[in-house]
Number of protein chains: 2
Amino acid sequence: MRKTRDSYSIADLAKEFDVTPRAIRFYEDKGLITPERDGLRRIYSPRDRVRLMLILRGKRLGFSLKEIQEIIDLYDAEPTGEAQYMKLIESCRKSRESLRQQLEDIQVTLGEIDAVESQCQKLLDETRAHGQKVG
Amino acid sequence: MRKTRDSYSIADLAKEFDVTPRAIRFYEDKGLITPERDGLRRIYSPRDRVRLMLILRGKRLGFSLKEIQEIIDLYDAEPTGEAQYMKLIESCRKSRESLRQQLEDIQVTLGEIDAVESQCQKLLDETRAHGQKVG
DNA sequence: GCGCCAATTTACGTTTACGTCAAAACCCTG
DNA sequence: CAGGGTTTTGACGTAAACGTAAATTGGCGC
């Protein structure tokens, strides 16, 4: 009884993450995933599975596949010189910048939603109170 | 010297928020903004300006214009009965749910980026140290 | 060997969110 | 009132991210 299998079919991943095989193949087309092959069949490794998870998380954050590509590349980049390291660090800095902006946007929005909801709840309570007396 | 003007041209807003007039008109097409008119010319009120800000924030968060529409509608909804209130509160709950997911995604990603960067920084330092001795 | 089902390739279709002209109207200025 | 800048309304184009349909291929179960 193993929890992490060592290979998956496209249907396995499609079902697990609730996306279509077409979408997964599309990500491969764009170079985001490169599964092994058994003849024609695609064989996905646990590593491929993680990449798919990263892709989908990127999508939830509203990034384009190209942006997701860049972020994922950060993870398994093997810098081959000082210049490469600098570029990598710079990429990290940029990504963080964008993410921080999003973080702020979300917190602000969450605050506003909360305000709307509590105001709404308050008015609802009032309406009900009056409703009781009137009706 | 007033800071908040009481009307703006489309070019004013386009410049302020760094979007094209075309985009702003497009949002109007989709019902996200409804500026006044002076003949043909569109006249944007401070309220319209705020709506545009909300739209752009929604875009930064990766929402579609349709989703943004729904969120914005929360702000100036004038519920006209108990059922309306309930629906509004439900909408708030959904939005919060989605935003919390995003918040989590962002925090995780930020953590990972930080890890990548610090690891990178460390390797860079080592490379430099060795480089000094060797070269 | 044959039917069946899953997976693949190819290719065209679709939706979203604008970009990019083009042509006409408006407005101010000299 | 001619010229120049701004704005408007079409209308067509486009990039991204798949959807969808059709034709093929590849095991498997009997």
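The talk below goes through the protein interface and then the DNA strand.

Mentor: This is a predicted model, in which local features need pLDDT of at least 70, side-chain atom pairs count only at pLDDT 80 or more, and totals for chains, interfaces and linings use all residues. Residues are numbered from 1 along each chain as its sequence is written, chains are lettered from A and ligands numbered from 1 in the order in which they are written, and side-chain values use heavy atoms, leaving out hydrogens and water.

Trainee: How much area do chain B and chain A bury between them?
Mentor: The size of an interface is often given as the accessible area lost when the parts come together. Buried area is that loss, taken with a 1.4 Å probe and summed over both parts. Here about 3,900 Å² is buried, 70% of it on carbon and sulfur atoms. B:Tyr85, B:Ile106 and B:Ile113 supply 14% of the area that chain B buries against chain A, more than any other three residues.

Trainee: How many salt bridges cross the interface of chain B and chain A?
Mentor: A salt bridge is a side-chain nitrogen of Lys or Arg within 4 Å of a carboxyl oxygen of Asp or Glu. The rule finds 10 across this interface. One of them joins B:Glu112 to A:Arg57, with the closest N and O atoms 2.6 Å apart.

Trainee: Which residues come nearest to DNA strand C?
Mentor: A residue is near a strand if one of its heavy atoms lies within 4 Å of it. Of the 19 residues around DNA strand C, the nearest are A:Arg42, B:Thr20, B:Tyr27, B:Lys59 and B:Leu65.

Key: Buried area = accessible area lost by both parts, 1.4 Å probe.
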